[in-house]
Amino acid sequence: MASLMSRRSLMQCVFVTAVTASLTAGWCAQGKSVQKNQTKGQSQLTGGLVKFGEIYSLKGGWNVQLIKAAYSLDAFACYSDVIAKPNKKLVVIDFAIKNATPREKFFNSDQSLFILVDDQGNKYTWAGIQLANFGVKGFSPNVQPGQGYGQAALHNSLRCSFQVPLDAKITKIMTNAGRLNKQEETLRYLMAGTDAAADPANKIAPLPKGQADSGDATGVVAAPVGATTMGTPVPSGHFLMNVKSVSLTTDAIAPGMFPNDGNKFVIVVMSVKSVSLKDESAFEVLYYNPTLKDSNGNRINAMKIWAASTPTDGAVEHFDKGEERTYRVIFQMAASASPTKFQLNSNTAYCWLWDVSSAK
């Protein structure tokens, strides 16, 4: 009997212990913060969620800080000469690096430190990198221990640019390495408004008015052709373009050069300023194929592109760094019609449409 009671007591003890352990485990699971699975799928790299402005120590020895980012159509002056194209806009990231190892390290600018991912899952590596005081020189330095580039205190910005489609919406920025001493293969800057886990600081600045598509309230999607008005300089390729005035005349614009019967001349005065850090070919400007649209819906090609003050072709070999020139673009149209839109058309650079309906 004593033996039977002992076995029963032992079984009761085991049962109580098991139940207690189960309840304790359940209570602990509810009270403990469980780390979120940040891979979001088997095909994605294991990574951590991070925010703009913070400094992170990456595997490989670099300290990295993503300072800010913006969509842009401006020329990006660097060794590889990156510009917005007819079907491409830029994303520009300001960042900082520091060698956190006790020995010299080579920074390879050919290897993209950041990777962009859009809402369709497409990935983009950088097209160019720029250190402000290097101009268009390449940036792939040997960095001494403790030396850094791009920090605000140095007043020498470090930037990289990406060419992405005009309608691309970037949802995250990733690094090519995870944090030191963590089981990570990458870091993810999720863009605010695209993911509930995104930090509010993670925002890519939108395009300016006139560059963003009118149907996109976020300012992220670029218009197929930029829309602007006379007197406003706008970026195109390596230049700032500005339609300064538009005039109409039936008089001769050169000795013996009158409009055809029933027609008139339209003269568009346009300034062109190089924003490149090196000399640029004038071919990009003079072969933009400017066109004019009139009130009858006709699209008219330019007759001439003349220098500012003389009836001679505006052909020159190149623009010096920072040089500005003025051209006259000559059209002929029906005397009964009025000009409405002036457009530059290029196969190599982002283009613009000016409202010239106020011309007289």
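**Sheets and packing**

Author: Five strands form an open sheet with mixed pairing, in the order β15-β26-β25-β20-β21. The model is predicted, so local features need pLDDT of at least 70 and side-chain atom pairs count only at pLDDT 80 or more, while totals for chains, interfaces and linings use all residues. Residues are numbered from 1 along each chain as its sequence is written, and side-chain values use heavy atoms, without hydrogens and water. Strands here are DSSP runs of E, at least two residues long, numbered from the N terminus; two of them pair if DSSP finds at least two bridges between them.

The edges of this sheet are β15 (226-229) and β21 (299-301); each has a single partner strand, so one side of each lacks a neighbour in the sheet. From one strand to the next the twist averages 25° (axes are lines fitted to C-alpha atoms, and angles run from 0 to 180 degrees between N-to-C directions). Strand β25 (residues 339-343) runs antiparallel to strand β26 (residues 352-355), with three bridges between them. Lys-341 has Asp-355 of β26 as its bridge partner.

Another open sheet of five strands has the order β16-β17-β18-β24-β22 and antiparallel pairing. Its edge strands, β16 (234-236) and β22 (304-307), each pair on one side only. Here the twist averages 35° from one strand to the next. Four bridges join β22 to strand β24 (residues 324-334), in the antiparallel sense, and Lys-304 stands opposite Ile-330 in β24. Arg-325 lies over the face of Phe-319, 4.4 Å from the ring centre (the criterion is NZ of Lys or CZ of Arg within 6 Å of the centre and within 35 degrees of the ring normal).

The packing can be taken next. Leaving aside neighbours within four places in sequence, the contacts of Phe-162 (heavy atoms within 4.5 Å) include Ile-93, Phe-114, Tyr-124 and Trp-126.
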